[in-house]
Amino acid sequence: MELHAGTFEPGDFAWQGLTLTSAAAEQIRQLTQREPGILGLRLGVKKSGCAGFGYVLDTVREPQADDLLYQRDGARLYVSTQAMPFIDGTEVDYVHEGLNQVFKFHNPKAQNECGCGESFGVQAE
């Protein structure tokens with residue numbers, strides 16, 4: 001399965017959706033409170049890394065027409081329908097790893113990940 005704009009229509013699939021842990025929701029709320037005009041974060045994917053795809057997080061000032069919205073405790077996570085075939089069912093978490101704090105993605109569609117954990121691959125359906 002390749003990622004192409006316009007390939008998927010919102011009604012083409014019955015999405016399982018994404019879930020946010022309480023830690024991820026809290027971090028998104030903190031990020032949106034720091035800068036006026038930020039509505040939430042957008043999660044997407046791009047071709048990247050040795051495994052095929054990488055996660056991309058951007059701030060959202062204005063939702064796009066094909067965005068799906070996932071909310072928890074006032075936090076908003078926007079996801080393009082173009083990304084859903086690659087990340088549907090993913091749990092988004094925010095964790096402390098030593099001195100670092102990062103968003104983690106528990107993606108049931110990821111068939112393999114690179115050694116550094118920065119990219120993932122999916123099996124074509």
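Guide: Strand S2 (40-48) and strand S3 (52-60) each give at least two residues to the lining of the second largest pocket. Strands here are DSSP runs of E of at least two residues, helices are runs of H or I of at least four, and both are numbered from the N terminus. The model is predicted, so local features need pLDDT of at least 70 and side-chain atom pairs count only at pLDDT 80 or more, while totals for chains, interfaces and linings use all residues. Residues are numbered from 1 along each chain as its sequence is written, and side-chain values use heavy atoms, with hydrogens and water left out.

The lining of this pocket (an open set of points on a 1 Å grid over the protein atoms alone, where a 1.4 Å probe fits, with protein on both sides within 12 Å along at least five of seven lines; lining residues have an atom within 4 Å of a point) consists of eleven residues. Nearest the centre of the pocket lie Arg42, Gly44, Val45, Ser80 and Ala83. S2 contributes four residues, the largest share of the lining. By type, the lining has five nonpolar, four polar and two charged residues; Ala, Val, Leu, Ile, Met, Phe, Trp, Tyr, Cys and Pro count as nonpolar, Asp, Glu, Lys and Arg as charged, and the others, Gly among them, as polar.

Leu57 is partly exposed, at 30% relative accessible area (buried is under 20%, exposed over 50%, partly exposed in between, with a 1.4 Å probe and protein chains only). Leaving aside residues up to four places away in sequence, Leu57 touches Leu41, Arg42, Leu43, Leu77, Phe103 and Phe105, a contact being heavy atoms within 4.5 Å. Between the C-alpha atoms of Leu57 and Tyr78, which are 21 residues apart along the chain, the separation is 9.7 Å.

S7 belongs to an open sheet of three strands, ordered S1-S6-S7, with mixed pairing; two strands pair if DSSP finds at least two bridges between them. S1 runs parallel to strand S6 (residues 91-97) and is joined to S6 by two bridges, with Glu91 of S6 as the partner of Thr19. S6 and S7 are antiparallel and share seven bridges, and Val95 has Val102 of S7 as a bridge partner. Two residues lie between the strands of this hairpin, where Gly98 has a positive phi near 65 degrees.

Helix H1 (residues 22-34) lies across S1, S6 and S7. Ala23 is in H1 and is partly exposed, with a relative accessible area of 29%. Apart from residues up to four places away in sequence, Ala23 touches Asp93 and Tyr94. The C-alpha atoms of Ala23 and Tyr94 are 5.4 Å apart, across 71 residues of chain.

For the chain as a whole, there are two helices and nine strands, running β-α-β-β-β-β-α-β-β-β-β from the N terminus. Of its 125 residues, 39% count as buried. Among contacts between residues at least 6 apart in sequence, 54% join residues at least 24 apart.

Definitions and conventions:
Axes fitted to C-alpha atoms, helices over the stretch in contact; angles between N-to-C directions.
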